[in-house]
Amino acid sequence: MRRLFTDHVAAARIVLVTAPTGSGKTTALTDWASWSNREKTDNISWIGLDKAGDHPAQLLAQVVHVLSAATSLPGAEELLASSAGSEWRTLLPEVLLWLERLPEPVTLVIDRLQAVRTGEVHHLLEQLIRYACPRLRLVLATQTRSCLPRPDLRSGGHVLAVPAHELLFTRAEADALCEERGVEPTGDLLGKLMQATGGWPHSLTRAVSDLACGSALDVQSVVARAQQESASLLAKEAAAHEAEGDWLTLLRLSVTGGPLDSGLAGLVADRPDAGRVLHHSADDSGLVTSHENGYRFLPGVEAPLRVLAHERLGPEAVEKIHRTAAEWHRDHGSPVRAVEHALLARDFSHAWEILRGAAIRLCLSGRGEDVLRLLSRFDKAQDAPSPPEADALHALALTVLGRAEDAAAVAERAEQGSVDKSGPTATAWTKWAIAVVHLMQCHRDGDLGAAMTHSEVVRKALSRTQSSMLSGSPREHEALLAPYLAMADWWQGDSKRARRHLNASRLDAELHGRTDQADNCAALGLLLSYLDGQTANRPDHLPLLDSGDIARALGNAYSSFVPICASRRAWEQGDLPAMEQAVQQIDRTSPVLRALCDTEADLLRAELHLSRKNTWAALRAVASAEARHKIGAPAGWRARIVYTGARTRLALGRTNDATALLPKGSMELQHPYGRLAAALVKLAGGAAGADVLTLLEPLRDCTQWLNSFRAEAWLLSARAWQLSGRPGLRVRQAIHQAMSLAHEAGNVRIFQEHASWCRPLLVACAADTGDPEGHVTSLLKALSPNIETGIQLSRRELEVMTLLVGDLTLSEIAEQLSVSVNTVKTQARSIYRKLGVSKRRGAVAEARARGLLG
């Protein structure tokens with residue numbers, strides 16, 4: 001403990017150590033003083049007060065005596081001689097002048113300051129603190145701060161207070177104590193001692209001493225005996241320093257344990273000013289410390305005080321306190337503590353009622369371990385009945401903690417014993433809890449098809465479960481289960497219902513201050529919309545999804561969507577290496593959403609093969625995805641299989657096979673993938689442009705769809721207008737619209753796939769507008785990144801081509817090159833012919849795309 005006082009004395013001239021009896025103040029100060037004098041780090045003198053400390057003149061004489069012995073400062077004999085029969089106010093100035101002659105810093109420890117009872121001694125101490133020589137440092141040890149009644153001394157920075165909790169043993173110090181007393185400090189032993197005593201010096205020291213004496217008792221019994229001795233010590237000191245009413249209030253409050261709110265304290269103590277008692281104790285004796293918006297007893301003191309409370313108050317009063325605390329915690333949203341108090345009150349039916357009502361909320365908030373711990377306490381409690389729903393709740397907690405095999409076994413046992421002996425309401429709750437377990441297990445196993453069935457069972461069971469059996473209404477519990485229900489609805493193809501569940505959960509979370517759940521519900525809704533193609537924004541909340549409560553709740557099924565979204569982005573951007581990496585990541589998510597992930601991986605492989613012109617390999621990958629296709633999949637996924645399959649068959653020239661794939665159901669046809677697949681097949685089959693335009697019109701201007709869909713719709717519309725003989729301006733406007741949307745979405749794939757006919761249109765667009773934003777140039781480079789130019793421009797043509805980029809006229813170019821205008825015109829026409837363009841702007845765009853301009 002010497003590190004504590006070494007640091008504080010170095011930081012301040014006056015140190016006030018306030019802690020209850022048994023906190024080891026004197027022991028710690030003695031150890032520090034012995035070490036300092038031995039190591040010659042500090043010159044320390046010591047005064048221990050008793051009843052004689054009530055005489056200020058005697059106290060001054062003691063100060064002079066111990067300081068003269070420590071420093072050999074001359075003049076002490078004269079002061080001591082004059083102190084006999086002198087008034088302390090007359091003697092104090094002489095003592096202060098004598099202290100000014102101190103040759104070196106010296107520390108004076110005044111222990112047991114609480115023994116002082118007279119105001120004159122208090123006044124003397126204040127004068128010493130204010131006016132003593134700076135080389136005199138004071139360390140004052142006391143059980144109560146009231147011995148130094150002037151608060152301005154503390155608040156003004158004259159005194160540095162050392163709170164009681166800093167005197168508690170750390171684990172390293174407890175280890176050293178065990179070694180010093182000859183007790184082998186194993187990790188398990190140290191852990192039990194620290195947990196049982198809280199590091200409280202008196203209890204810990206007594207327990208270690210008993211163990212060192214070879215006591216046959218186990219650790220728990222040794223600690224219990226040490227706590228009993230600590231309780232007796234606290235009771236003795238409290239009788240001397242605490243008012244009887246305040247002391248009884250502290251004993252009643254110690255029964256509740258944990259953080260104490262002023263409202264709870266008033267109910268438990270049955271007095272409205274209980275908060276004042278707590279505040280006074282925190283400010284004076286240190287038995288209580290401030291804790292966030294309330295108070296809590298000093299660690300290690302609470303257990304001995306609880307022993308005293310049982311002796312003084314009796315078992316009936318203690319049980320009444322626990323029942324009061326249980327009701328208060330239940331009403332204030334602390335179900336775990338409410339159940340603990342109800343169990344201590346031996347009110348088992350009430351305890352189970354609270355736990356059953358809050359089960360879902362506890363499990364979904366990551367407190368499954370608390371639920372298992374409470375169930376274990378039910379099992380250990382004597383005469384506690386086994387509630388019929390215990391197995392169902394046990395299975396629910398195990399499922400949330402990821403212990404699937406144990407949960408399945410317990411759930412099966414719960415189903416077999418679901419014939420309830422307590423009434424129909426308990427049976428309804430049991431069936432509902434078992435349905436929730438199955439729903440969670442389906443999500444963790446990635447079996448969203450089965451999750452659809454269980455989600456309906458959960459809804460029906462919840463509607464039949466009485467509100468009195470839940471902590472909150474059935475609607476609130478449905479909001480808590482919204483992520484699971486929404487995923488099942490989405491897999492069933494009902495995206496609107498899925499988003500309604502998520503919105504309800506988000507609003508409920510915001511209403512109850514659960515910010516993380518609200519944010520994650522919003523992000524999950526965004527992600528499902530993205531997978532459906534029904535939002536113009538990208539899922540930028542993916543990092544939030546990875547770390548949120550819903551991600552933990554949904555487990556593997558939820559995390560599978562992260563690499564799927566990454567694969568979609570890589571595909572849109574035409575990034576083949578990123579696509580290959582995404583396929584590997586999806587493959588590694590086994591066995592999560594296995595059917596869905598395998599389908600996604602097959603479609604990505606097909607896209608990779610199509611990009612590399614390996615159409616037969618692409619067809620095999622598409623066939624594998626089609627074989628896994630299930631009716632239960634969302635409409636968007638079914639439409640995407642059709643989209644990729646149709647493009648693959650068109651690449652092989654199998655137009656009839658592609659036509660046979662077109663969606664027959666209205667849901668797939670209404671999806672963008674379905675409309676785009678139908679448009680591609682119609683264009684390849686030579687259908688009228690008007691039919692294609694009619695098919696794409698709802699997709700072009702609808703902002704609810706992803707920009708990638710709209711960009712491809714505008715691109716195919718440009719092709720339809722071109723084949724219909726529409727004016728070139730209308731075609732180029734459609735190309736510009738497609739480029740703008742594709743640039744926002746980062747999508748170059750659609751232009752790469754249709755490069756044969758859209759490349760000349762892109763060059764024409766650049767010739768019209770000059771490509772001020774550089775979109776055409778970047779697209780042309782992406783369309784042929786590895787192509788050799790195949791064009792041989794002479795040195796003079798390269799010079800002319802470089803000057804054509806700027807705003808110079810042909811005459812100005814001729815003048816700069818020192819040739820005739822006709823020569824420049826001839827070379828320009830040769831450049832246009834070689835590049836396959838007819839205008840200057842088109843030549844500049846094509847030259848940039850082919851890398852001729854560096």
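Helices are DSSP runs of H or I with at least four residues, strands are E runs of at least two, and both are numbered from the N terminus. With that in hand, take Lys 192, which sits in helix H9, residues 187-197.

Before going on, the ground rules. This is a predicted model, where local features need pLDDT of at least 70 and side-chain atom pairs count only at pLDDT 80 or more, while totals for chains, interfaces and linings use all residues. Residues are numbered from 1 along each chain as its sequence is written, and side-chain values use heavy atoms, with hydrogens and water left out.

Back to Lys 192. Burial terms here go by relative accessible area: buried is under 20%, exposed is over 50%, partly exposed is in between, with a 1.4 Å probe and protein chains only. Lys 192 has 44%, so it is partly exposed. Gln 220 is 28 residues away in sequence, yet the two C-alpha atoms are 8.1 Å apart in space.

Next, the sheet. Two strands count as paired if DSSP finds at least two bridges between them. Five strands make an open sheet in the order E2-E3-E4-E1-E5, and the pairing is parallel. Who stands at the edges? Strand E2 (44-48) and strand E5 (160-162) do; each has a single partner strand, so one side of each lacks a neighbour in the sheet. From one strand to the next, the twist averages 20°. Those angles run from 0 to 180 degrees between N-to-C directions, and the axes are lines fitted to C-alpha atoms, for helices over the stretch in contact.

Ile 44 has Thr 107 as its bridge partner in E3. Thr 107 comes up again: its side chain makes a polar contact of 3.5 Å with the side chain of Arg 137. A polar contact means a pair of N or O atoms within 3.5 Å; within protein, one must be able to donate a hydrogen and the other to accept it, and residues adjacent in sequence count only if both atoms are side-chain atoms. Arg 137 belongs to strand E4, residues 136-142. Its relative accessibility is 18%, so Arg 137 counts as buried.

Now salt bridges. The cut-off is a side-chain nitrogen of Lys or Arg within 4 Å of a carboxyl oxygen of Asp or Glu. The structure holds 13 of them.

Start with Asp 370 and Arg 373, N to O at 3.4 Å. Both lie in helix H19 (residues 368-380), 3 residues apart, about one turn of the helix. Arg 373 is partly exposed at 34%.

Asp 489 and Arg 497 form another, at 3.8 Å. Buried or exposed, what is Asp 489? Buried, at 0% relative accessibility. Arg 497, at 22%, counts as partly exposed.

Then Arg 749 and Glu 712, with the closest N and O atoms 3.3 Å apart. Arg 749 lies in helix H42 (residues 749-753) and Glu 712 in helix H40 (residues 707-723), so this pair ties together parts 37 residues apart in sequence. Both residues are buried. There is also a network: Glu 87, Arg 89 and Glu 120 are joined by salt bridges that share partners.

Last, helix H35. H35 covers residues 635-651, 17 residues in total, and its first and last C-alpha atoms are 24 Å apart, close to the 24 Å expected. The expected span is 1.5 Å times one less than the number of residues. Of its 17 residues, 15 are buried, so H35 is largely enclosed by the rest of the structure. Gly 653 follows H35, with a positive phi near 80°.
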